[in-house]
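Please examine the sequence and the structure shown below.

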Amino acid sequence: MATASRDIAIAARGINKIFNPGSDEEVIALQDINLEVEAGEFISLIGPSGCGKSTLMRLVGDLLQPSSGELLVNGKSPQQSRLDREYGMVFQAATLYEWRSVTKNVQLPLEVMGYSSDERQLRAQAMLDMVELGAFANHFPWQLSGGMQQRVSIARALAFDPSVLLMDEPFGALDEFTRERMNLELLKIWDQTGKTIIFVTHSISEAVFLSNRIVVMSPRPGRITEIVENTLPYPRDFNTRSDPAYIQLVARVRDLLRDAIASDAAQDRGEA
Amino acid sequence: MAPAGASKAATLRDRLGYYFPTIAIAVGVILAWEILVVVFDIQQFLLPKPSSIFGEFMHQVNLWLAPGERSILFESSGATFWEAFGGFIIGCGGGVLVALITSRWTIVSEATMPFAIAANSVPIIAFAPIMNNWFGITNPASKMAIVAIIVFFPTMINTVRGLTLVDLSQLELMRSYAAAPRDILLKLRIPNALPYMFSAFRVASALSLIGAVVAEFFGGPRATLGVYITQEASAFDFAKAWTAIMMASIIGITFYLLVLYLERRLMPWHVSFRVAG
């Protein structure tokens with residue numbers, strides 16, 4: 001029993017999330033979501049806006065609570081997992097505290113969690129070295145580029161060694177070139193740390209490049225259309241993107257998304 | 001050593017170059033003032049010459065330095081400064097404290113904000129005679145009270161804003177750490193409020209001196225700037241009145257610069273202080 005619950009990091013059964021239930025602005029954000037994520041897996045959630053991919057991530061992270069259904073993270077409720085500090089979070093904006101230096105930003109969760117000063121500095125430096133920003137420890141966020149800020153934000157999320165990394169379009173604000181570099185770095189970090197990663201994105205190529213499985217979602221109501229297995233071998237690198245298997249997968253996900261968008265547009269016409 | 005000296009000289013020259021227009025304008029205005037008064041033969045009681053104001057000022061400096069003599073001007077300046085400063089500390093301190101307490105409970109701060117904003121538009125100075133009545137006309141507390149009330153509201157309003165207008169993602173980050181409310185306050189809300197607080201303090205530094213001097217117009221001890229100005233003006237000794245106005249300006253500017261200095265020390269990271277390279 002213990003082994004079984006260790007293998008499954010996230011288990012969602014029949015999850016529904018309804019915003020403003022009963023009112024005119026009632027929105028069914030998620031309907032009947034069933035998903036199991038193994039420990040150490042890299043899962044991407046992809047879909048057009050309004051499909052509930054961010055909502056699903058936020059349910060897992062206990063930033064929102066499901067309206068119904070069962071959600072377990074490491075065999076516990078999301079709230080318990082949050083209280084046990086099992087979540088590292090990375091948002092689209094780096095959300096660094098501008099009054100803190102880079103190293104102090106990485107140390108923020110460690111301060112909150114009561115680590116000793118020595119331990120904080122040690123860990124912050126190790127994390128910054130991992131994201132290759134060791135030399136920028138004493139800079140301030142505004143002195144860094146967008147990609148560098150996001151790397152600090154990843155270092156901060158990993159500093160307290162959480163078991164699950166929740167990433168909400170973390171590279172969405174970066175240019176294509178920086179984004180591809182960040183993808184490579186993220187895979188390297190994932191390889192080093194073995195975290196379970198839930199990665200929300202609207203970039204098909206990014207989703208296919210990074211993950212073990214791609215959860216394709218569609219809107220109104222937000223639901224899972226299909227879960228695409230991605231058996232491309234790791235480590236993946238720049239050449240992966242020219243691999244025929246990769247290109248085929250990208251096309252497959254694009255088709256699935258096109259169906260989702262087409263049915264959404266049909267609903268638009270139906271309502272108009 | 002030589003290059004260091006050279007670069008120091010260069011930065012000094014740069015700074016002089018930077019401030020030169022400002023200094024030139026100041027000198028130009030004073031010169032024009034002096035010339036206009038002489039050329040148009042403007043009466044002393046309408047507008048004294050800068051040179052006679054400066055002469056009166058030097059006279060007061062000599063009185064101040066001479067043993068056994070006293071300079072009412074400098075005594076007044078000191079007294080008014082302390083009224084303004086005391087009121088500033090009490091009012092700003094109170095404003096920050098009340099903001100911290102009310103922002104702890106969103107309902108309370110939302111309920112009090114409309115009153116604070118309304119109170120902020122009331123001409124508090126109108127209460128000066130009342131304060132004289134409450135604390136005694138010669139008691140500095142009557143002027144401090146006016147200053148404190150004037151600076152209290154903008155400080156409180158701005159601090160509440162700074163404490164509550166926190167980026168949602170930054171709050172969610174704290175939530176994901178399962179941070180205690182105390183940590184959220186100390187590590188997020190208060191640093192976030194600092195720029196708001198200092199913009200209030202800057203306004204308050206000017207307001208506090210205005211408040212003190214105007215409150216003194218309604219009566220106070222002889223040795224305060226407001227009383228000094230009204231008395232010398234009614235005695236037609238306008239050079240003296242103008243020296244007092246000059247002292248009030250100097251104190252006001254010093255006060256403002258002090259707040260600015262503190263701001264730079266406490267939040268060097270802020271946008272307004274960023275320099276390229």
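How many bridges join strand β3 of chain A to strand β8 of chain A? In this predicted model, β3 (residues 42-46) and β8 (residues 213-218) of chain A run parallel and are joined by four bridges. Within this pair, Ile46(A) has Val216(A) of β8(A) opposite to it. In general, the strands of a sheet pair through backbone hydrogen bonds, and the pairing is either parallel or antiparallel.

The two strands belong to an open sheet of six strands, whose order in chain A is β5-β6-β7-β3-β8-β9. The pairing in this sheet is mixed. Its edge strands are β5 and β9 (223-229) of chain A, each of which pairs on one side only. On average, neighbouring strands of the sheet are turned by 20 degrees against each other, with direction ignored.

Helix α2 (residues 53-60) of chain A lies across β3, β6 (164-168), β7 (196-201) and β8 of chain A. Relative to β7(A), helix α2 runs at about 150 degrees.

The next topic is the contact between the chains. Chain A contributes 20 residues to the contact, and chain B contributes 16 residues. On the side of chain A that touches chain B, the elements giving two or more residues are α3 (78-83), β5 (87-90) and α4 (102-112) of chain A. The most is given by α4(A), with four residues.

Key
Residues are numbered from 1 along each chain as its sequence is written. Chains are lettered from A and ligands numbered from 1 in the order in which they are written. This is a predicted model: local features need pLDDT of at least 70, side-chain atom pairs count only at pLDDT 80 or more; totals for chains, interfaces and linings use all residues. Two residues are in contact if their C-beta atoms, placed from the backbone, lie within 7 Å. Two strands pair if DSSP finds at least two bridges between them. Axes are lines fitted to C-alpha atoms, for helices over the stretch in contact, and angles run from 0 to 180 degrees between N-to-C directions.
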